[in-house]
Amino acid sequence: MRVLIVEDEKRLALSLARGLTAEGFAVDVAHDGIDGLHRATEGPYDLIVLDIMLPGMNGYRVCAALRAAGDETPILMLTAKDGEYDEAEGLDTGADDYLTKPFSYVVLLARVRALLRRRTRGGASVVRVGELVVDPGTRQVTVAGRDVALTAKEFAVLEYLAVRAGEVVSKSEILEHVWDFAYEGDVNIVEVYVSALRRKLGPGAVATVRGAGYRLVGAGA
Ligand code: CA
């Protein structure tokens with residue numbers, strides 16, 4: 001899952017980016033509202049962490065502009081101090097949730113996960129596809145009750161296929177949601193990870209749809 005952080009406090013942005021990257025998210029950072037809006041418009045993000053007080057364009061305006069353009073990406077707003085800014089206004093402009101600074105990273109991560117769960121899985125905590133169970137909260141994967149150990153990137157590829165279970169997902173979509181903006185390599189890197197997933201989950205777990213991409217079929221197949 002790919003996350004955009006729009007935050008002008010560079011140390012905070014960096015620490016959030018590091019934390020989320022360690023959790024297996026692909027993370028991009030913008031330090032002002034204009035760049036943030038531009039990136040949010042260009043990139044296929046699964047979630048945006050958006051500070052309110054930003055140079056260039058404030059978070060309310062960024063949020064309102066995205067919603068006006070029909071962009072429904074979940075937005076978690078960061079407010080500077082309880083009561084100083086109007087959380088109701090944030091929610092009115094189309095934010096999905098807000099968090100008041102200072103916050104603990106653990107709380108932020110829980111909110112990020114909750115938003116993604118709501119948006120991508122209708123609130124379900126795990127994704128089940130046949131005998132395969134993927135739990136994005138604990139990053140645990142089981143096949144018929146047996147634990148499968150995956151690397152962070154393998155998990156990220158599987159998670160994206162899992163939230164789109166039943167659909168055909170193209171290599172470039174996987175690349176866009178699992179790798180960050182800085183990745184400049186070949187789209188065929190995705191094949192390497194799909195091969196690894198087949199090796200670990202079973203050869204039939206991920207079907208190739210010729211010329212279109214992949215579909216998660218489930219494991220044990
Ligand atoms: Ca700020």
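Colleague: Which residue does E23 form a salt bridge with?

Modeller: R139 is the partner of E23, and their closest N and O atoms are 3.8 Å apart. A salt bridge here is a side-chain nitrogen of Lys or Arg within 4 Å of a carboxyl oxygen of Asp or Glu. This is a predicted model, in which local features need pLDDT of at least 70 and side-chain atom pairs count only at pLDDT 80 or more, while totals for chains, interfaces and linings use all residues. Residues are numbered from 1 along each chain as its sequence is written, and side-chain values use heavy atoms, with hydrogens and water left out.

Colleague: Thanks! How is the chain divided into domains?

Modeller: Domain 1 covers 2–120 and domain 2 covers 127–216. Those bounds come from an automatic or database domain assignment.

Colleague: And how many salt bridges are there between domain 1 and domain 2?

Modeller: The count between domain 1 and domain 2 is one. Eight residue pairs are in polar contact between the two domains, both residues being at pLDDT 80 or more. A polar contact is a pair of N or O atoms within 3.5 Å; within protein, one must be able to donate a hydrogen and the other to accept it, and residues adjacent in sequence count only if both atoms are side-chain atoms.

Colleague: Which elements give two or more residues to the domain 1 side?

Modeller: They are β2 (26–30) and α5 (105–121). Strand β2 gives the largest share of that side, three residues. Helices (H or I, at least four residues) and strands (E, at least two) are DSSP runs, numbered from the N terminus.

Colleague: How much area do domain 1 and domain 2 bury between them?

Modeller: About 1,000 Å², with 45% of it on carbon and sulfur atoms. R2, P44 and R113 supply 37% of what domain 1 buries against domain 2, more than any other three residues. Buried area is the accessible area (1.4 Å probe) that two parts lose on being put together, summed over both.

Colleague: How many residues are in contact there?

Modeller: In domain 1, 12 residues are in contact with 13 residues of domain 2, where contact means heavy atoms within 4.5 Å. The centres of the two domains, taken over C-alpha atoms, are 26 Å apart.

Colleague: Back to salt bridges. How many does the structure hold?

Modeller: There are 14 in the structure. In one of them, the side chains of K101 and E9 meet at 3.0 Å, N to O.

Colleague: Why would I care about where K101 and E9 lie?

Modeller: K101 is in the loop between β5 (97–100) and α5, and E9 is in the loop between β1 (2–6) and α1 (10–22), so the pair ties together parts that are 92 residues apart in sequence.

Colleague: Is K101 buried or exposed?

Modeller: K101 counts as buried because its relative accessibility is 11%, whereas E9, at 40%, counts as partly exposed. Buried means under 20% relative accessible area, exposed over 50%, and partly exposed in between (1.4 Å probe, protein chains only).

Colleague: What about R111 and D97?

Modeller: Their side chains also form a salt bridge, 3.3 Å from N to O. R111 sits in helix α5 and D97 in strand β5, so this pair joins parts that are 14 residues apart in sequence. R111 is partly exposed at 28%, and D97 is buried at 18%.

Colleague: New topic: which residues of helix α7 are buried?

Modeller: In α7 (residues 171–178) they are I174, L175, H177 and V178. Their cover includes β1, β2, α6 (152–163), α8 (189–201) and β11 (213–216).

Colleague: And where is L4 found?

Modeller: L4 is in strand β1, and L4 is buried, with a relative accessible area of 0%. Not counting residues up to four places away in sequence, L4 touches several residues, among them V29, Y45 and I48.

Colleague: Last one: what is E159 in contact with?

Modeller: Leaving aside neighbours within four places in sequence, E159 is in contact with M1 and P136. E159 lies in helix α6 and is buried at 9%.
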